[in-house]
Amino acid sequence: MSEKPIERVVVIGGGTMGHGIAQVAAAAGMDVVLADLSEDVLEAAIGKIRDGLERRVAKGKATPEEIEALLGRIATATDAMAAARDADVVVEAVPESLELKQNLFRELSGVVADDAILASNTSSISLTTIASAATNPERVIGAHFFNPVPVMTLLEVVRADQTSDATVERTRAFGERLGKEVIVVRDTPGFATSRLGVVLGLEAIRMLEQGVAQASDIDRALELGYRHPMGPLKLTDLVGLDVRLNIAEYLHEHIGGDQYAPPELMRKMVAEGKLGKKSGEGFYRW
């Protein structure tokens, strides 16, 4: 695989993770295309990036000229395949569906350059299974970012069975250029972060369900007692209860164990549309 520097990044999916990844890549000086099927999603994504940057200006952490320069490095597209043709890295940030991701990587591998990295932001789905759909699967890798992407310093790089050493090292260099601290883990259900984080989140929900304490006190127990920057219930609100429910169900199916069984309270809240910050209500009101 080529060792040329990564200068052109295509991010597929204009949701919270997608536009966050686009922002940090542009902030690192790369040319970025943010692709989504919906023009409305793309317009909202650019608006959210601008809002976040303008808050930095208000705090004296950036100048108006700097944010305009950053935004100028982000283009949008509704045709992801056309955008990806000359990409150095393609990062998919689409919903957590194996079929969707496999179809996307199958199509991408037929249009991108031979030395392009195909990265998935999946938080739990097997990279080895995703990679099996691609041509030249040695260039497929996990690049698991954390929400909010511009703030969180971790990048979990997940090595599929097929991933080459060159792809791992080039992805590590990409992450470091984005200002992230990079860890490399083997492809296994939940990787390192989701496997640990989901257990804490689900147990916190069970404690709330059982009336052990109210949500804010459960969160403060981890924040003050173990120096976690955010409690597990607030974090679940931020990630999305629906997203975490899908991850829990996947881990329960593939690993087993009561610790991954989604609590009934979680299922009920998702059914009621209480998904956390994105819906305005979860364990907290936003």
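1. Asp242 is partly exposed, with a relative accessible area of 21%, where buried means under 20%, exposed over 50% and partly exposed in between (1.4 Å probe, protein chains only). Asp242 forms a salt bridge with Lys278, the closest N and O atoms being 2.9 Å apart; the term denotes a side-chain nitrogen of Lys or Arg within 4 Å of a carboxyl oxygen of Asp or Glu. This pair links distant parts of the chain, 36 residues apart, with Asp242 in helix α11 (residues 241-254) and Lys278 in the segment after α12 (264-271), helices being DSSP runs (H or I, at least four residues) and strands likewise (E, at least two), numbered from the N terminus. Lys278 itself is exposed at 54%.

2. This is a predicted model, in which local features need pLDDT of at least 70 and side-chain atom pairs count only at pLDDT 80 or more, while totals for chains, interfaces and linings use all residues. Residues are numbered from 1 along each chain as its sequence is written, and side-chain values use heavy atoms, with hydrogens and water left out.

3. The structure holds 17 salt bridges. One of them joins the side chains of Glu68 and Arg50 (2.7 Å, N to O); because Glu68 lies in helix α3 and Arg50 in helix α2, the pair ties together parts that are 18 residues apart in sequence. Glu68 is partly exposed at 41% relative accessible area, and Arg50 is also partly exposed, at 28%.

4. Asp217 and Arg220 meet in a further salt bridge (2.3 Å, N to O), and, being three residues apart in helix α9 (residues 215-225), they are separated by about one helical turn.
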